[in-house]
Structures are given as C-alpha cells and as structure tokens.
Amino acid sequence: MEYYNYLKSLHLIFVITWFAGLFYIVRLFVYQIEAAQKPSPEKEILQKQYKIMTYRLWYIITWPSAVLASIFAFSLLYLNPSLIQLDYMQVKFGFVFALYLYHGKCQQIYNHLQNDEIKYSSNFMRLWNEGATIILFAVVFLIIVKDAVNWIYGVIGIFLFSILIMLGFKFYKRIRQRNQS
C-alpha cells in the first residue's frame, strides 16, 4: 500500500487536467460558433485554426486525462474496495457518471463542429460551459466533507450556485449586447 498515495496523486492530477480540458474545449466551441458568423476570409481562417486547436486539446489532453483518471480511480478501488461501501463515495460515483455524460455530449458537439455543423448558439455553449463547474464543485465538496447525509445541503448549495451562474450569465449577456450596440 506504500504506492497508494502515488496512485491517488496521479488520479487527482489527471482529474484536474480532464476538467481543464473540459473547461477549455467548450470555450473553443464558443469561438468556433462565433467564427462561423464572420465574413470571408476571416471565417475560413478562424474555423481552420479552431478545428486544429480543438482536435489537439480533445485528443491529446482531455481524452487521455479522462482515461488515465479512470484507470487510477479503478486502481484505487481495487486496492481499497471498502471505499465502494461508503455513502459519500456512492454519491460521488453518481456525479462522476454525470461527468462522463457531460464529456460524451462534448464529444458529440466536437464531432458536429469538426463537420461544420452548428447545432447550438454561442450563448448556449457559454451556459453549457458551467456544467463541468457544477460537477466539479459537487465532487470536491463531497470528497472533502465525506458525508453523504450532508450532500443534501451540498445539492441545495449547487442549485443556488447554478442560479448565481445563470444570473451572472444573463448579466454578462446584457453587457455584451450593450457593447455591440
């Protein structure tokens, strides 16, 4: 078990880089969508560059980080299977499942944008970008507090945090609209 903390450290490092990739990829989606509204030749130049940037981020950082974070997580569970029985870990697994769903949806959006199919607005993407933030907050508080009973308070906190994000988004949208006028 002497290497358990090394595995835990590697798991945490790859969780961090996975989240970094998820945060940045959606920001690049915003830029890609907005580039499609530019006049030629700016549109084509930007779209080509954003496709390269998203490809590299997605397949060199984000996907490998997700896979490695998962491998190290399963290694930790293998070495300490009693973790599975803990209430807070079961709640954490639910949030991790939500993160995988979020990641999968980002993959779908990535595929569409690589094929020049724009199915969402840049405003939607700005809001979508907060999904990973909400999951991150939930998991960090859950792991630090380690109390599945108090996760109910955490969920209430997440909803309040989400409302603040939505209000901030609307406020930012109004500022952007004023500056464009």
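Tyr 59 is partly exposed, at a relative accessible area of 35% (buried is under 20%, exposed over 50%, partly exposed in between, with a 1.4 Å probe and protein chains only). The model is predicted: local features need pLDDT of at least 70 and side-chain atom pairs pLDDT 80 or more, while totals for chains, interfaces and linings use all residues. Residues are numbered from 1 along each chain as its sequence is written, and side-chain values use heavy atoms, without hydrogens or water.

**Exercise 1.** Classify the aromatic pair formed by Trp 58 and Trp 63.

*Solution.*
- Rings of Phe, Tyr and Trp (its six-membered ring) pair if their centres lie within 6.5 Å; planes under 30 degrees apart are stacked, over 60 edge-to-face, the rest tilted.
- For Trp 58 and Trp 63 the centres are 6.4 Å apart and the planes 75°, which makes the pair edge-to-face.
- Trp 58 is buried at 0% relative accessibility, whereas Trp 63 is partly exposed at 32%.
- Ring pairs join Trp 58 and Trp 63 with Tyr 55, Tyr 59 and Tyr 110 in a cluster.

**Exercise 2.** Find where Asp 116 lies and describe its phi.

*Solution.*
- Asp 116 is in the loop between helix 3 (87-114) and helix 4 (122-145); helices are DSSP runs (H or I, at least four residues), numbered from the N terminus.
- Its phi is positive, about 60°, although Asp 116 is not a glycine.
- Most residues other than glycine have a negative phi.
- Asp 116 is partly exposed, with a relative accessible area of 48%.

**Exercise 3.** Locate Pro 41 and describe the peptide bond from Ser 40.

*Solution.*
- Pro 41 sits in the loop between helix 1 (4-35) and helix 2 (42-79).
- The bond from Ser 40 to Pro 41 is cis, with omega near 0°.
- Most peptide bonds are trans.

Notes
Helix = DSSP H or I, 4+ residues; strand = E, 2+ residues; numbered from the N terminus.
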